Amino acid sequence: MPTRNSAARSIGSAMVAGLARLRSPFTRGAARRDRRDEFRAELLRQLARMTEEMHRANLIQEYRIAMEQMDRTIDDPSLADARSTLAGISEAKRRQMIFANRQYASLLLSYRIGTFGWGELLGHLRILCRNSLFAEYWDRTGEHRRSLPADSVERRVGEAVDSIMEELADDPDEWWVVGHLGEPPCP
């Protein structure tokens, strides 16, 4: 049977108490470091949100400038020649093509800034693709899209529109049937 030594117990208790006192400043320092780390992490999250908002604002501003130019080319036929790369079409048709591009660009921007998600974008595009003028615009500008980087949002959305156009060509009465058009690209 072990012997009970009160002196040993008090020495052990004193050591435990002493160790606790020694650890106390380190614990407070660790808590302070944890609070600073949490503060930094929150600051980084806010900075990331602000950066994303600035990116969206820049996209909107760039879109606004492009749309102002398109509006001018629609209003002034002499400017349409400078804006459009489509050859062999009438002045009226060129204006229509520029407007079709404007509609598509508007939907693309709305997706990129988060106004609506991938499914909603596809729904809007399905309706737009039923328009024969848009279909002609899409067919005439295929070469333009092939020059886009493979990982760009516009390229991936363009591929989805190509798929929608193929579905419409196969069965135009079933345009509303939603097929699988891949994963949404990051806006």
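Reader: Which residue with a positive phi follows helix 3?
Author: Gly 114 follows helix 3, and its phi is positive, near 90°. Helices (H or I, at least four residues) and strands (E, at least two) are DSSP runs, numbered from the N terminus. This is a predicted model, in which local features need pLDDT of at least 70 and side-chain atom pairs count only at pLDDT 80 or more, while totals for chains, interfaces and linings use all residues. Residues are numbered from 1 along each chain as its sequence is written, and side-chain values use heavy atoms, with hydrogens and water left out.

Reader: What span should helix 3 have, and how far apart are its end C-alpha atoms?
Author: Helix 3 covers residues 91-112, and its 22 residues should span 32 Å at 1.5 Å a residue. The expected span is 1.5 Å times one less than the number of residues. The end C-alpha atoms of helix 3 are 31 Å apart, which agrees.

Reader: Which of its residues are buried?
Author: Among them are Arg 94, Met 97, Ile 98, Tyr 104 and Leu 109. Buried means under 20% relative accessible area, exposed over 50%, and partly exposed in between (1.4 Å probe, protein chains only).

Reader: And the chain as a whole: how many helices and strands?
Author: The protein chain has 7 helices and 0 strands. Buried residues make up 26% of its 187 residues.

Reader: Which residues have the most contacts inside the largest nonpolar core?
Author: They are Tyr 104, Leu 121, Leu 125, Phe 134, Val 157 and Val 161, in a core of 25 residues. A nonpolar core is a set of buried Ala, Val, Leu, Ile, Met, Phe, Trp, Tyr and Cys residues joined through side-chain atoms within 4.5 Å. Two or more residues each come from helix 3, helix 4 (118-129), helix 5 (132-140) and helix 7 (153-170). Helix 7 gives the most, with 7 residues. A second, separate core of 10 residues includes Tyr 63, Ala 66, Ile 98 and Leu 109.

Reader: What does Val 161 touch?
Author: Not counting residues up to four places away in sequence, Val 161 touches Tyr 104, Leu 125, Cys 129, Phe 134 and Trp 138. Contact means heavy atoms within 4.5 Å.

Reader: Why do the buried residues of helix 7 line one face?
Author: The buried residues of helix 7 include Val 157, Val 161, Ile 164 and Leu 168. Seen down the helix axis, the buried residues fall within an arc of 160°, so they line one face of helix 7. The arc is that of the directions from the helix axis to the C-beta atoms. On the other side of helix 7, Glu 166, Ala 169 and Asp 170 are exposed.

Reader: Which helices do those buried residues pack against?
Author: They pack against helix 3, helix 4, helix 5 and helix 6 (142-146).

Reader: Turning to Ala 135, is this residue buried or partly exposed?
Author: Ala 135, in helix 5, is partly exposed, with a relative accessible area of 27%. Leaving aside neighbours within four places in sequence, Ala 135 is in contact with Cys 129 and Met 165. Ala 135 and Met 165 are 30 residues apart in sequence and 7.7 Å apart in space, C-alpha to C-alpha.

Reader: Finally, where is Thr 73 found?
Author: Thr 73 is found in helix 1 (residues 6-75) and is buried, with a relative accessible area of 5%. The side chain of Thr 73 reaches the backbone oxygen of Met 70 at 2.7 Å. Not counting residues up to four places away in sequence, Thr 73 touches Leu 79, Ala 80, Arg 83 and Ile 98.

Note on methods
Polar contact = N/O pair within 3.5 Å; in protein donor to acceptor, adjacent residues only side chain to side chain.
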